[in-house]
Structures are given as C-alpha cells and as structure tokens.
Amino acid sequence: MTVTPIPLMPGPWLPLAESEAHAFLERLTSVLVRSHGPAAFTKNLPISGLRVMPLSFYPGWLLVEGEAQLAPNELGTFNVLYGPGFMWVIDGESQVIHDLNSGRIPDMGSVEDGKAAKAVTVASPAFLQSPLITLDTSVTGPDYLRFFCGSIWGDEGPFLLVESPDAAILQGATFPDDTWRKHTKPITMQRVDDYLTGEAAVIYAGSLFSAKFKVQNGEVFMEDDEPLAAEVIPKQRYQSPFRNLQAGTMQTTDTTEVR
C-alpha cells in the first residue's frame with residue numbers, strides 16, 4: 001500500500017542519501033540509547049524516507065522527518081529537531097521548545113563512537129545559546145508558527161496549518177460545500193508592539209477551523225478559533241513520538257536500521 005507522508009510543515013524538504021541517513025541514525029540512536037536504553041526505536045524499527053529541511057527561524061538547524069515501520073502493516077511519521085549540540089525527537093510536548101528558546105537546555109557534549117565525549121557536571125552546567133532569531137512577518141514568523149503548531153500536540157494530536165486547498169493533510173477530505181476554501185490561504189502576520197499576530201486555517205482531530213494566533217518570545221497562543229467544517233478527514237492516529245499512523249509497508253530498498 002502506498003503511503004503519502006504528511007509533513008509537519010511545508011517547505012523545501014530534501015531526501016537524505018543512504019550514507020547520510022545511516023550517519024544521522026547512528027547519531028540519533030546514540031542519543032536515544034542514553035534516554036531509552038535498548039528501547040530506542042531506531043534500534044528496533046526499520047526507518048525509511050529520511051528527509052531534511054533547514055529552519056529559517058533557527059539558522060543552522062534542521063528539521064528531520066521519516067517513517068518507521070511500527071508493525072507489519074503500520075507506518076508512523078516522526079520528526080527530529082537537529083542543531084549544534086542538540087537533538088530532540090519531537091513528542092508533542094512544548095517544554096523542550098520553550099527551554100531551548102530560553103537557552104535553558106543543557107549541552108550534553110559531543111558524541112564520539114556512540115558515546116558521550118564528556119558528561120556535563122551539575123556544578124558547572126553548560127547551556128546552549130538560544131537559536132531563535134527575531135521573527136519577521138513574512139518568512140520566519142509564519143515558519144515558526146507552522147513548526148510550533150505541528151510540534152505541540154493536543155489531546156488528539158498535532159495542529160496542522162492548512163494554507164491551500166490541495167494541502168497534503170486534505171487528501172481525500174470531504175466537505176459539505178466550498179465555503180472553507182476562502183480560509184485556506186498562506187498565513188498572514190502582522191506586528192503589534194513586541195509580538196506577532198496571524199490567522200490561518202487549522203486541521204485538528206479531523207475537523208477544519210479558522211484560528212487567530214499570537215506569537216511572543218517563542219510562545220504561541222491560539223486566541224480564537226471558529227469551526228469551518230467538522231470531520232472532513234479521519235482523525236489522525238498518533239502514538240508519541242509517531243504521528244499520522246497509517247496502514248502500509250515501506251519499500252525494502254528504502255529501509256535503514258541501526259543495530
């Protein structure tokens with residue numbers, strides 16, 4: 001069965017070559033083993049379709065995405081935030097992003113041959129410099145809003161912004177009429193004092209909403225929302241850190257594992 005990935009956010013995604021994919025998974029596995037031990041999913045599940053995209057609001061950082069074969073006929077999409085001295089499998093929680101934006105994430109040191117080069121001591125902690133730049137209204141602000149909404153999950157999964165009628169998340173959607181189309185347009189943002197405001201259509205729990213957002217110091221607030229169409233797509237299934245669980249199997253020629 002062919003599975004169509006739904007990206008966490010739209011953008012210039014580039015596939016990783018096989019050698020790059022292996023190197024990335026080795027690094028990710030070394031990080032996950034420290035936190036999850038033998039249960040690290042990259043040690044136990046086939047991975048395919050690894051792709052990357054640079055993040056405009058975190059210069060020099062990448063968003064990585066791929067699929068994991070969770071069961072013989074089930075795939076799940078996962079994302080990894082990857083930057084200097086930092087690697088985090090996105091799991092729907094907001095605290096890590098808030099800590100990162102504030103520079104409160106400890107630098108765990110470099111990784112050499114799958115082991116931490118040097119542990120960070122409690123008495124003399126090292127912290128990462130916040131990678132978040134000052135957001136503008138045309139590129140970095142909308143990009144950050146897309147990233148944050150896709151990375152922070154509610155009780156029924158991520159909030160995916162819909163900026164065109166042919167967005168990947170709307171494949172197979174059924175609507176009662178065409179009134180929703182005027183709301184699915186590129187994000188528009190404006191600056192008000194020290195924060196940004198924006199409006200966008202959002203898919204959450206299978207339904208489409210129009211929402212108003214406020215972005216301030218890396219925090220995102222949904223200040224208002226209006227239902228546009230209910231149950232237009234099946235509710236996405238998710239199992240942290242995997243989202244968009246679908247029935248399907250990956251191509252064996254496009255499978256990478258780290259043992």
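These legends cover several close-up views of one predicted model. Local features need pLDDT of at least 70 and side-chain atom pairs count only at pLDDT 80 or more, while totals for chains, interfaces and linings use all residues. Residues are numbered from 1 along each chain as its sequence is written, and side-chain values use heavy atoms, with hydrogens and water left out.

**View 1. The largest nonpolar core has 35 residues.** A nonpolar core is a set of buried Ala, Val, Leu, Ile, Met, Phe, Trp, Tyr and Cys residues joined through side-chain atoms within 4.5 Å. Buried means under 20% relative accessible area, exposed over 50%, and partly exposed in between (1.4 Å probe, protein chains only). Tyr 58, Leu 63, Leu 81, Tyr 144, Leu 145, Phe 147 and Phe 213 have the most contacts inside this core. Two or more residues each come from strand 5 (86-89), helix 3 (95-102), helix 4 (140-151), strand 12 (195-204) and strand 13 (207-216). Helix 4 gives the largest share, 5 residues. Helices (H or I, at least four residues) and strands (E, at least two) are DSSP runs, numbered from the N terminus. Another core, of 19 residues, lies apart from this one; Leu 25, Leu 32, Leu 45 and Ile 47 are among them.

**View 2. Leu 145 touches Leu 161, Ile 187, Met 189, Phe 213, Val 215 and Val 220.** Residues up to four places away in sequence are not counted. Contact means heavy atoms within 4.5 Å.

**View 3. Helix 3 carries the buried residues Ile 97, His 98, Asp 99, Leu 100 and Asn 101.** Their cover includes strand 4 (74-83), strand 5, helix 4 and strand 14. Just after the helix, Gly 103 takes a positive phi of about 75°.

**View 4. Ile 152 sits in the loop between helix 4 and strand 8 (153-154).** Ile 152 counts as buried because its relative accessibility is 13%. Beyond its neighbours within four places in sequence, Ile 152 contacts Gly 92, Glu 93, Ser 94, Ile 97, Pro 158 and Phe 159. Gln 95 is 57 residues from Ile 152 in sequence and 9.4 Å away in space, C-alpha to C-alpha.

**View 5. Arg 51 is placed in strand 2 (residues 47-54).** Its relative accessibility is 12%, so Arg 51 counts as buried. A polar atom of the Arg 51 side chain lies 2.6 Å from the backbone oxygen of Gly 49. With neighbours within four places in sequence left aside, the contacts of Arg 51 include Trp 13, Leu 63, Glu 65, Glu 67 and Thr 77.

**View 6. Lys 235 lies in the loop between strand 14 (219-229) and strand 15 (243-246).** Neighbours within four places in sequence aside, Lys 235 is in contact with Glu 156, Ala 205 and Gly 206. The side chains of Lys 235 and Glu 156 are joined by a polar contact of 3.1 Å. A polar contact is a pair of N or O atoms within 3.5 Å; within protein, one must be able to donate a hydrogen and the other to accept it, and residues adjacent in sequence count only if both atoms are side-chain atoms. Lys 235 and Gly 206 are 29 residues apart in sequence but 4.4 Å apart in space, C-alpha to C-alpha.
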